[in-house]
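Subject: Structure handover, salt bridges

Hi,

Here is the structure we talked about. Please open it alongside this note; my findings on charged pairs follow.

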Amino acid sequence: MKHKFIIILNLLLGAALLGVVTLHPYTVSAETAEIETDSDDLEGVEYDKADQNGVLLDIDIVPDEYDRKHYDAALNTVYLEDTDDSQQVLSLYTDSSPDTDKLTWNADEEKGILTLVFPNTYNAVGEQIHALTNSTYVKTISVTSDSNNTTVTVTYQPECMISVETEDVGFSIIFSKSSYSLRIRLPEGVTMEQIIDTDYYYNHKFVLQIPGMHKSLYDQYPIIRKNPVITGVKVTQSGSNTKITVSTSKLQGYKYTRQGDYLFVTIDRPRKIYKNIVVLDAGHGGKDFGATNRGSKEKAINFKIIYTLARKYFDSPSSSVKAYWSRYNDKFISLSERARFAAEVDADLFVSLHMNSASNRSANGMEVYYAKSNNRVTDTGLSSQKLARKMHNRLENNLTIPSRGVKKAEFYVLRHNTVPSILIELGFISGNRDYNKITSPAYQKKTAQNIYEGIADIFKAYPTGR
């Protein structure tokens, strides 16, 4: 499951980073994030205050003539301002495009110190030390230089988040309020792509699996939690992996991003986390077999298609839809629980899968049902009837099974639902032609794929706006 991503600091480093040249006129206390200085360090420090437009620091210099054979560019702008959305943006511009592959970034998230080294860059703004007395996140900015490089050192509130936007002649560093629930130190060399997450929403848990044996790392760098809904965080080693199990007091959604050496996890109600949410309902279960034929049980076919096979698509990193399942094993779930579950997970849609049955073996074909009593048009423009027609058309066009049309029926899970809801009768388990199709592994896989793609397309046509 993917969300909107911003370019995080470590992604700008490139494949190889140069050593950091740092000239610190001060140090920062990890506990208080207050600047500690000797009296000599205060000489030349300028104290800046924000103007009425929210500008806290404005240095914009036309560079003097400099040796362009020796320098690739000149740092000529240092600009810090507040934005309307409670962020601060530090813009660092040069007079020509900097070599981003050689630019060195070093962020100490524990202390709140960011160091940027511009290689082969002339310092057009001059030696600068600024203490920002009226700033929310950024505390000090210093600019220093040697014969080859220009170094910008920023101290900031360690609790805030940092992201970067690249521009033609420099960078904008965005400081914003941290909204994370967990902060997890990442082992050296671990990438975002290597992290595997599994949502055990039915037990109010999720697990992040990190390659390697790192329990000792989390003894040294304990996981920080800031959300009262978190009831437990457990670190265990399983095989060649480290598992971080997070427990919550109620069903929650989650997402995670990387900043420097840390993974930041946000936990909240599903609607605050996911753009598109669907409940997938495998009909029957447990003591309720549903229809049967030749040893095949409807409950098992429903479950295999919409849970076992469909999970591959809904839980893939490229999926645009968060899926919750009304049942995740062979367990009896009442009709009222199934319908109520959609409201519990903030669902946008509800899709139930069944197999039909008739005493006449010549009855074959697919049907899609909706309830007239639950057919209001949502804010997105979608209704149960429109959902039924769109899903019916996709299945009819992509599956080799005859259509019996879109129909109305007051099934409990449809009429007692809070969102657009449909029930698919994929075929007749009793049918002389349908049976071989709906029990075919290839046909079941194709059905699961089409249910996923159909739901994803519906969200594209009727966006939630989140």
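A salt bridge here is a side-chain nitrogen of Lys or Arg within 4 Å of a carboxyl oxygen of Asp or Glu. By that cut-off, D261 pairs with R185, the closest N and O atoms being 4.0 Å apart. Keep in mind that this is a predicted model.

D261 sits in the loop between strand 21 (253-259) and strand 22 (262-268), while R185 belongs to strand 15 (residues 182-185). The two are 76 residues apart. D261 is partly exposed, at 33% relative accessible area. R185 counts as buried, at 18%.

In total, the structure holds 13 salt bridges. Two others are worth a look.

R68 and D95: their side chains meet at 3.6 Å, N to O. R68 is in the loop between strand 4 (55-60) and strand 5 (73-82). D95 is in the loop between strand 6 (87-94) and strand 7 (104-108), 27 residues away. R68 is exposed at 53% relative accessibility, and D95 is partly exposed at 28%.

D348 and R466: this salt bridge spans 2.8 Å, N to O. D348 lies in the loop between helix 5 (335-344) and strand 27 (349-356), and R466 in the segment after helix 9 (441-461), so the pair ties together parts 118 residues apart in sequence. D348 is buried, at 12% relative accessibility. R466 is partly exposed, at 31%. Salt bridges with shared partners also bring in R271, joining R271, D348 and R466 into one network.

Best wishes

Terms used. Residues are numbered from 1 along each chain as its sequence is written. This is a predicted model: local features need pLDDT of at least 70, side-chain atom pairs count only at pLDDT 80 or more; totals for chains, interfaces and linings use all residues. Side-chain values use heavy atoms; hydrogens and water are left out. Helices (H or I, at least four residues) and strands (E, at least two) are DSSP runs, numbered from the N terminus. Buried means under 20% relative accessible area, exposed over 50%, partly exposed in between (1.4 Å probe, protein chains only).
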